[in-house]
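Trainee: I have a new structure open and would like to learn how to read it. Could you walk me through it, feature by feature?

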Amino acid sequence: MSILLTRDTQIIVQGITGREAINLTRENLAYGTKIVGGVTPGRAGRDIYGVPVFDTVAEAVAANAKKGVKVTGSIVSVPPSFTQDAIFEALDSGIRLIVVVTENVPRKQVAQAVEYAEMKGARIIGPNCLGIISPDECKMGGVGGPAANTRQAYKKGTIGVMSRSGGMTTEIASTLTAAGLGQSTCVSIGGDAIVGTTYAELMPFFEADPETEAIAIYSEPGGRMEAELAEWVATHRSRLPIVAFMAGRFMDEMKGMRFGHAGTIVEGKEDTTAEKIKRMEAAGISVAERIEEIPGLIRKRLAERKR
């Protein structure tokens, strides 16, 4: 199985006539994702790689409903100033999985969108993310790049992957694949300080998936997500072995420095890599020194669980 999306997921692309969105559409279609519509106001009647373009999300959803197709997902690729409106439009049209690839969305607008999604019972991945993939089934976003590269890096299996970095999502998956460990679902959650879904919020989905047997995480300095994950794992006594890689350990001696993403600003002791590693290990999460150690640690944890 997989979480959040399957081979039957039907999606639209908001901002589909933009340059980045056109590339995303091509890559996702080539991977097998069912893109059933696109939205760009004023561009109705056109098509992008055979995908019909509509003026509004409501029109795209209604047109597919007439054909018996239920749209459940959307990739949002619009300028930052229009992103919140695009998310609201999707939510008001009944879409319940929204992947926001746009960068530089104002924090306040992201927080408001996340709150509205919670009210609607929906899930936002991102912003500033590469998306989500269930290998050999479906992907939403730029994760993995071109379809040929995606198929090489990602293979169907039982390891869930969560990462704040889009590129490292693929790096971890590729490392697992090379070691003979396939993935159930891989999620690039986004590198901003505020994102729609955190590690801890993804855990119940992986926990409920009978085919996910372990989780690999790529982590960075800054923010509270690792502490929240450790608390969730300890509180719920998670059945899943978790192996994390913590990047940027050098930053503990460089207070206030930003490392790659907006969410990686160390503001206090709790944000440091040393403190994060301490919290995760206390919750039973194994921490790898190098990414190539992840497969071996996962196999070790799985073997221990079977004893």
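This is a predicted model: local features need pLDDT of at least 70, side-chain atom pairs count only at pLDDT 80 or more; totals for chains, interfaces and linings use all residues.

Trainee: Let's begin with helices. How are H3 and H4 packed, at what angle and with what distance between their axes?

Mentor: Two packed helices are described by the angle between their axes and by the distance separating those axes. Here helix H3, residues 80-92, packs against helix H4, residues 107-120, at an angle of about 5°, and the axes are 10 Å apart. Angles under 35 degrees count as roughly parallel, so H3 is roughly parallel to H4.

Trainee: Which residues of H3 and H4 meet?

Mentor: From H3 come Pro80, Gln84, Ile87, Phe88, Leu91 and Asp92, and they meet Gln109, Gln112, Ala113, Tyr116, Ala117 and Lys120 of H4. Sorted by class, this contact of H3 with H4 holds seven nonpolar, three polar and two charged residues.

Trainee: Now salt bridges. How many does the structure hold?

Mentor: The structure holds seven salt bridges. To spot one, look for a side-chain nitrogen of Lys or Arg within 4 Å of a carboxyl oxygen of Asp or Glu. Asp92 and Lys120 make such a pair, with 3.6 Å between the closest N and O atoms. Asp92 belongs to helix H3 and Lys120 to helix H4, so this pair ties together parts that are 28 residues apart in sequence.

Trainee: What does Lys276 form with Glu226, and how far apart are the closest N and O atoms?

Mentor: Lys276 and Glu226 form a salt bridge in which the closest N and O atoms are 2.5 Å apart. Lys276 sits in helix H9 (residues 273-282) and Glu226 in helix H8 (residues 225-236), so the pair ties together parts 50 residues apart in sequence. Lys276 is buried, with a relative accessible area of 2%, and Glu226 is buried as well, at 1%. Arg164 joins in too: Arg164, Glu226 and Lys276 are linked in a network of salt bridges.

Trainee: And what of Glu292 and Arg290, whose side chains meet?

Mentor: Their salt bridge spans 3.1 Å from N to O. Glu292 is exposed, with a relative accessible area of 52%, while Arg290 counts as partly exposed at 44%.

Trainee: On to strands. In what order do the seven strands of the open sheet stand?

Mentor: The order here is E3-E4-E2-E1-E5-E6-E7, with mixed pairing. Strand E3 (47-48) and strand E7 (123-125) are at the edges with a single partner strand each, so one side of each has no neighbour in the sheet. Within the sheet, strand E2 (residues 34-39) and strand E4 (residues 51-54) run parallel and are joined by two bridges. Gly38 stands opposite Val53 in E4.

Trainee: Which strands pair with E11, and in which sense?

Mentor: Strand E8 (residues 131-134) runs antiparallel to E11, with three bridges, and Gly131 faces Ser188 in E11. Strand E10 (residues 156-163) pairs with E11 in the parallel sense over five bridges; there Ile159 is opposite Gln183.

Trainee: Why is E11 described as largely enclosed?

Mentor: Six of the six residues in strand E11 (residues 183-188) are buried, so the rest of the structure largely encloses this strand.

Notes: Residues are numbered from 1 along each chain as its sequence is written. Side-chain values use heavy atoms; hydrogens and water are left out. Axes are lines fitted to C-alpha atoms, for helices over the stretch in contact, and angles run from 0 to 180 degrees between N-to-C directions. Helices (H or I, at least four residues) and strands (E, at least two) are DSSP runs, numbered from the N terminus. Angles under 35 degrees count as roughly parallel, over 145 as roughly antiparallel, 65 to 115 as roughly perpendicular and the rest as oblique. Contact means heavy atoms within 4.5 Å. Ala, Val, Leu, Ile, Met, Phe, Trp, Tyr, Cys and Pro count as nonpolar, Asp, Glu, Lys and Arg as charged, and the others, Gly among them, as polar. Buried means under 20% relative accessible area, exposed over 50%, partly exposed in between (1.4 Å probe, protein chains only). Two strands pair if DSSP finds at least two bridges between them.
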